[in-house]
Amino acid sequence: MTDPQWTDLLRVLAGQRIEPTPVGLIVDSPWLPGWAGMSMLDYFADESCWLEANLRACRRFPEVWFLPGFWAEYGMCTEPSAFGAKCIFPEREFPFAEKLLDRHAQIQRLKKPNCRSDGLLPLVVKRLERARPKIEAAGHRIRFAVSRGPMNIASYLLGHTEFLEGIKTEPEWTHRLLALVTDFIVDWLRYQAERFDSIDGVLVLDDLVGFVGLADFQSFALPYLTQIFGAVQVSIKALHNDAHGLLTARHLRAMGANLFNFSFEHSLPQIRALAGEGVILLGNIPPRDVLAQGTPDEVRRSAAEALASLPDRRWLILSAGGGTPPGVPSENLDALVAAR
């Protein structure tokens with residue numbers, strides 16, 4: 001994000017209404033490589049391809065706030081790789097991490113990774129360090145420390161089904177795993193903030209928190225997210241959960257988050273009522289069916305409906321109800337910007 005964009009984001013956080021309504025998008029490997037005309041593997045393996053894709057998007061859509069901006073990630077492999085998970089990188093498909101554990105008792109063999117040296121994490125930091133001069137020469141800065149969330153990472157280590165079953169059948173082991181992963185995330189976010197003095201935000205992404213009920217959310221999600229959001233002193237504390245998000249919205253203040261990207265299946269008024277004032281809502285256009293597969297007219301209509309549903313547009317950034325999916329054409333992003 002540029003300095004003026006970041007200043008405006010802080011104004012949104014302060015409750016100032018900005019006209020026109022800001023447009024922001026969470027963008028990373030699902031959308032950028034295909035849009036920029038390169039293979040996914042080239043995007044991950046060649047830092048010049050990665051940088052050019054990001055710079056090209058910023059030049060093409062100067063009105064859009066790209067969040068977190070210049071995200072040096074390796075798909076879902078980034079954090080699990082530090083624990084030793086095997087990572088698979090197809091040429092033109094999403095990378096994925098194979099699960100590391102066969103049963104809950106094996107959690108005891110895990111040790112907290114060193115975020116300075118383990119897995120793909122040092123490559124993330126080195127990529128940002130090498131690209132930083134060109135990023136700043138283009139008028140942007142590295143604003144966010146980013147990590148997948150504790151339940152998300154734990155589910156990749158143990159398996160999604162096994163992790164969710166373990167909440168009920170192996171609660172002690174599940175807490176032990178989440179505590180370890182959370183300590184690691186705290187280290188990882190703090191290390192990013194240490195390496196880049198321009199960071200003034202964190203972005204945590206965890207859809208698994210939307211798969212549990214109230215009691216399990218309060219026990220297995222809320223304490224760990226609260227620890228994470230309290231670990232780094234920054235202005236913006238963003239959470240992405242585009243699974244079921246009503247419980248999450250209700251607990252945003254308790255966990256310390258002040259920006260929420262949620263599922264388009266929840267309306268803006270519904271999430272505002274649960275989250276309260278003071279929390280920035282990032283949404284709420286259907287990502288796949290409208291933003292990626294719809295026409296520009298459908299994008300404009302969906303944006304108009306979303307804006308009309310929430311007359312008080314303080315603490316609002318118009319966006320997709322989730323991350324930016326593969327296949328979003330430029331003309332649809334143009335329509336989204338024009339609709340604000």
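How many aromatic pairs does the count come to? The count comes to 10 aromatic pairs, where the rings of Phe, Tyr and Trp (its six-membered ring) pair if their centres lie within 6.5 Å. This is a predicted model, in which local features need pLDDT of at least 70 and side-chain atom pairs count only at pLDDT 80 or more, while totals for chains, interfaces and linings use all residues. Residues are numbered from 1 along each chain as its sequence is written, and side-chain values use heavy atoms, with hydrogens and water left out.

## Aromatic pairs

A pair of aromatic rings is described by the distance of the centres and the angle of the planes. Planes under 30 degrees apart count as stacked, over 60 as edge-to-face and the rest as tilted. Two of the pairs are set out below.

| Ring pair | Distance of centres | Angle of planes | Class |
|---|---|---|---|
| Trp-35 and Phe-61 | 5.8 Å | 45 degrees | tilted |
| Phe-83 and Phe-184 | 5.0 Å | 70 degrees | edge-to-face |

Trp-35 belongs to helix 2 (residues 32-36), whereas Phe-61 sits in the loop between helix 4 (47-60) and strand 2 (64-67), so their pair ties together parts that are 26 residues apart in sequence. Helices (H or I, at least four residues) and strands (E, at least two) are here DSSP runs, numbered from the N terminus. Trp-35 counts as buried at 18% relative accessibility, and Phe-61 is buried with a relative accessible area of 1%; buried means under 20% relative accessible area, exposed over 50% and partly exposed in between, with a 1.4 Å probe and protein chains only.

The rings of Phe-83 and Phe-184, with centres 5.0 Å apart, link distant parts of the chain, since Phe-83 lies in the loop between helix 5 (78-82) and strand 3 (87-88) and Phe-184 in helix 9, 101 residues apart. Both Phe-83 and Phe-184 are buried. Elsewhere, ring pairs link Tyr-43, Phe-44, Tyr-74 and Phe-89 into a cluster.

Ser-29 is found in the loop between strand 1 (23-26) and helix 2 and is buried, with a relative accessible area of 3%.

In helix 8 (residues 160-169), the buried residues are Phe-163, Gly-166 and Ile-167. They cover an arc of only 110 degrees around the axis, which puts them on the same side of helix 8; the arc is that of the directions from the helix axis to the C-beta atoms. On the other side of helix 8, Lys-168 and Thr-169 are exposed. The cover over the buried residues of helix 8 includes helix 7 (150-158), helix 9 (171-195) and helix 10 (214-220).

Two packed helices are described by the angle between their axes and the distance between the axes. The axes of helix 8 and helix 9 come within 6 Å and cross at roughly 125 degrees, which makes helix 8 oblique to helix 9. These axes are lines fitted to C-alpha atoms, for helices over the stretch in contact, and the angles run from 0 to 180 degrees between N-to-C directions; angles under 35 degrees count as roughly parallel, over 145 as roughly antiparallel, 65 to 115 as roughly perpendicular and the rest as oblique. Helix 8 contributes Phe-163, Gly-166, Ile-167, Lys-168 and Thr-169 to the contact, and helix 9 contributes Pro-171, Thr-174 and Leu-178.

## Backbone features

A cis peptide bond with omega of about -5 degrees joins Leu-67 and Pro-68, and Pro-68 is found in the loop between strand 2 and helix 5. That loop between strand 2 and helix 5 also holds Phe-70, which has a positive phi of about 50 degrees although it is not a glycine; at 4% relative accessibility, Phe-70 counts as buried.

The peptide bond from Gly-283 to Asn-284 is cis, with omega near 20 degrees, and Asn-284 lies in strand 9 (residues 280-285). Trp-315, in the loop between helix 16 and strand 10 (316-320), has a positive phi near 55 degrees and is buried, with a relative accessible area of 8%.

Terms used:
Contact = heavy atoms within 4.5 Å.
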